[in-house]
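These are my notebook entries on a single structure. I set down what I looked up, entry by entry.

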Amino acid sequence: MADLETRTRPPQLTAAAALVGLEALVALAFGIAEIGQVRLFRAVVGVGVAFFMVGFAVLLGAAARGLLRLSRWARGPVVAVQLIMLPVGWSFRGGQTTEVAVAMVVVALVTLVLVLHPRSTAALVVPSETDDDA
């Protein structure tokens, strides 16, 4: 069985973790900004969005750290988030938010390619002892 200390992190996985970390920072900034925009007539919505975005940022930060530590569990949430970000980013196209749409779609696509790269997969998937018996 491969030892955690002997596995090396490929550059693709490091880059994917950096992009996911960037997404976490953007989500955190949005959550904090939303707290500053809470108004009495929409307090529940504002506070709810703020808590959701801060929680989302924590999840993304944990997943980015998991990728850096070669934790197998981190790939699932990262892939799921990127697949969700593609249509969300697409919905921002047109008008003043076109740059946001392009950034979201490009980051999601690049992150998906990096985290699903064969070298990333090999680093995250540790063969079990039963694989040697087959």
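**Entry 1: a serine in H5**

I looked up Ser120 and found a relative accessible area of 0%, so Ser120 is buried, the limit for that term being under 20%. I note that the model is a predicted one. Ser120 belongs to helix H5, which covers residues 118–124. I then listed the contacts of Ser120, leaving aside its neighbours within four places in sequence: they are Pro10, Gln12, Leu13, Leu114 and Val115.

**Entry 2: H1 and H2**

I next examined helix H1 (residues 11–36) against H2, and their axes come within 8 Å and cross at roughly 165°. Angles over 145 degrees count as roughly antiparallel, and H1 and H2 are therefore roughly antiparallel to each other. I recorded the crossing of H1 with H2 as left-handed. Sorting the residues of the contact of H1 with H2, I have 19 nonpolar, five polar and two charged.

**Entry 3: aromatic rings**

How many aromatic pairs does the structure hold? I found one. The cut-off I applied for stacking is planes under 30 degrees apart. Both residues lie in helix H2 (residues 43–68), and because Phe52 and Phe56 are four residues apart there, about one helical turn separates them.

Key:
Residues are numbered from 1 along each chain as its sequence is written. This is a predicted model: local features need pLDDT of at least 70, side-chain atom pairs count only at pLDDT 80 or more; totals for chains, interfaces and linings use all residues. Side-chain values use heavy atoms; hydrogens and water are left out. Rings of Phe, Tyr and Trp (its six-membered ring) pair if their centres lie within 6.5 Å; planes under 30 degrees apart count as stacked, over 60 as edge-to-face and the rest as tilted. Helices (H or I, at least four residues) and strands (E, at least two) are DSSP runs, numbered from the N terminus. Axes are lines fitted to C-alpha atoms, for helices over the stretch in contact, and angles run from 0 to 180 degrees between N-to-C directions. Angles under 35 degrees count as roughly parallel, over 145 as roughly antiparallel, 65 to 115 as roughly perpendicular and the rest as oblique. A crossing is left-handed if the near helix is turned anticlockwise from the far one by less than a right angle, and right-handed if clockwise. Ala, Val, Leu, Ile, Met, Phe, Trp, Tyr, Cys and Pro count as nonpolar, Asp, Glu, Lys and Arg as charged, and the others, Gly among them, as polar. Buried means under 20% relative accessible area, exposed over 50%, partly exposed in between (1.4 Å probe, protein chains only). Contact means heavy atoms within 4.5 Å.
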